[in-house]
Number of protein chains: 2
Amino acid sequence: MGRNRATLADVARKAGLSKTAASMVLNGREGTRLSAEAHQRVFAAAEELGYRPNLAARSLRTRKTATIAFVSDIVATTRFAGDLIRGALDAARERDHVLLITETQGDATFEQYAIEAVLDRQVDGVIYAAMATRRLAVPAAILGGPVVLLNATSPDGLPSVVPDDEGAGRSVAAALLELGHRDAIALIGRNRLKEDDPEVSLAARARLRGIRQTLDEAQVSLLAECFCTEWLPEHGYAAMRGLLGKPKRPSAIICMNDRLAFGAYQALGEAGLSVPEDISVISFDDDPIAAWLRPSLATTALPHEQMGRRAVELLLDESAAESSLVAMPLRRRRSLAPPAG
Amino acid sequence: MGRNRATLADVARKAGLSKTAASMVLNGREGTRLSAEAHQRVFAAAEELGYRPNLAARSLRTRKTATIAFVSDIVATTRFAGDLIRGALDAARERDHVLLITETQGDATFEQYAIEAVLDRQVDGVIYAAMATRRLAVPAAILGGPVVLLNATSPDGLPSVVPDDEGAGRSVAAALLELGHRDAIALIGRNRLKEDDPEVSLAARARLRGIRQTLDEAQVSLLAECFCTEWLPEHGYAAMRGLLGKPKRPSAIICMNDRLAFGAYQALGEAGLSVPEDISVISFDDDPIAAWLRPSLATTALPHEQMGRRAVELLLDESAAESSLVAMPLRRRRSLAPPAG
DNA sequence: AGTGGTCGCTAAACTGATTTAGCAGAGCAT
DNA sequence: ATGCTCTGCTAAATCAGTTTAGCGACCACT
């Protein structure tokens, strides 16, 4: 891989100058008194030889690698990881950096290994990412350098990038109120564990808070709240069936995520009810299936790609703010309508 | 990030030996005649100082970085990328390597940049991955070192890892024949572009070949074949509606992927037909939605994680074979039943 | 007593960049 | 003529490892 590359010494020789001169010219150093002609010669030589600096040699001296570590708990199990990574990748490229990716799988041994691996490679900074928005403890070892938390917060008050779930909760509730839904709104996806343990999820509580706040302001209270042990389609299905078994049928359903909503759609379909004519449905995440459902599902998007970008910005740009709350835009789709009757 | 780390010189000093001795002991070099006691002292000193080698310095000399580049066309748009990466990540960790990830977005400028970025960092090898199984041309620049194609093949005959789509086609057809379906099997998802241009897809043609081969052997021919411009739910939906409008209703449907099948389910639901009582459905990919559908969808799994692993093995393990075709296991689920009547 | 071999270890070169310290020559003032 | 500053450039040190070449002590053998 890349043997016989021209070295700085080759460039200097070809230009008839010293390595020092070549190095300074190529690095665009200010304040050197090298002649315009010397600049020309160095650039020409570098061009001609196709010179590319050996980054190992450079970072040995400078302790900079133009490399960022992206350490996450779980890469694969969620589709969202891809977007997070892609955003970070883009922003890193714009800043001439590259991403070193490792995964801890939530395992202490792997985490230890991952941290050592990236520190050994002298990365310029670490993005510590969680796949579900949550609070976590950052290993002390990486606190020696710049760290940004992505989709997570920590007790240490490190800079972090998280989605505005509370705002999303407000948007969702407001969208229903706007259409005239009031006393027949039901919620699917309450979950004690997610709501009470910030190390499991910060999203559940924030979404709920946003929903409650907006409904309270309109003096509306929920018709029903269904608890689900997980946020998967089967749980949404079961919850929806439960709701349909009750005397008062809801006019609108808020699901805590799109997968629950998918399950709810299935139950509604079986019961012969139509979305949105009989019941409106709105949700969170903007999983691809939201757009695939019939009718398409209104939801609030987790802007993962933008979050990934933001993390790199916080890490590398001096000017960037300390932390950031990324808005979750509402996607108005076919699953919303005014209440029937 | 990792300043004041102990150096090899520190370890040597503490052990009362030379850097040479320390280096040799720590690298477990055979054939050195260093005493057992010297070994002890070096290990003790390294342990005590928490010594970790500076990889930049090491790779400057050895031209090895224990880093693999994972260059892919598109990371984000498909969920599968995560699994591919995760498999590679795991296998890399087991071999004490780390993954440098870049994305070309199918853009020549970005590709150029990505290639340079990884070559500058002297990666030990490159995994060149495509998100849809296809044929592609590998940039000449990376041919200087080990390269493995992942989910792709190239005219250069480089080692590659691809799923056995033809085998999957056979499994799918065989599963239906086994249940007694014969003259009323329809296919959804024919697509000239995907079938004819290997730079777009290798999967479509291979799947089709597998299906045809198995049906031919049983002297069965397809009842109908629907063409779709894309393999998305809406196209599956439209195709299924088209089929239901014809005089002879199919007893089983083969969809070229799970998203098409999802669309087909929607059309069947609207038409008041049940899967699998009225119509069996089987498909390809094992997208997470396959398990979420009601009834759960039988499909053949793209073993992305295993493919990621395999690519690293081909790249780093001497013993590994040249190329590999990874089996796509059949997932038998609820969407299959014998033909009605 | 001289020679050769093994043992246990080390000095120094080397990788390819950056950076510090400083040199030679020109121009100018005293 | 001497000292001073400025210009344009370079030698050498440095980063932290790996690797080559070889040194001195000791033993055995003739």
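How many nonpolar, polar and charged residues does the surface near DNA strand C have? In this predicted model, the count by class comes to 11 nonpolar, 9 polar and 6 charged residues. Altogether, 26 residues surround DNA strand C. The closest are A:Thr7, A:Leu8, A:Ser23 and A:Ala57 from chain A, along with B:Thr20 from chain B.

Both protein chains take part in this surface. The biggest contribution to the surface near DNA strand C is that of α4(A), which gives 5 residues.

Turning to the contact between the two protein chains, 44 residues of chain B meet 44 residues of chain A. On the chain B side, the elements giving two or more residues are α4 (55-62), α5 (80-94), β2 (98-103), α6 (108-120), α11 (258-270) and α12 (288-292). Of these, α5(B) provides the largest share, 7 residues. Sorted by class, the side of chain B that touches chain A holds 22 nonpolar, 9 polar and 13 charged residues.

Strand β2 of chain A (residues 98-103) is joined to β2(B) by 3 bridges, and the two strands run antiparallel. Within this pairing, A:Leu100 has B:Leu100 as its bridge partner.

Notes: Residues numbered from 1 in each chain as written. Chains lettered and ligands numbered in written order. Predicted model: local features only at pLDDT ≥ 70, side-chain atom pairs only at ≥ 80, totals over all residues. Contact = placed C-beta atoms within 7 Å. Helix = DSSP H or I, 4+ residues; strand = E, 2+ residues; numbered from the N terminus. Nonpolar A, V, L, I, M, F, W, Y, C, P; charged D, E, K, R; others polar. Pairing = 2+ DSSP bridges. Near = placed C-beta within 6 Å.
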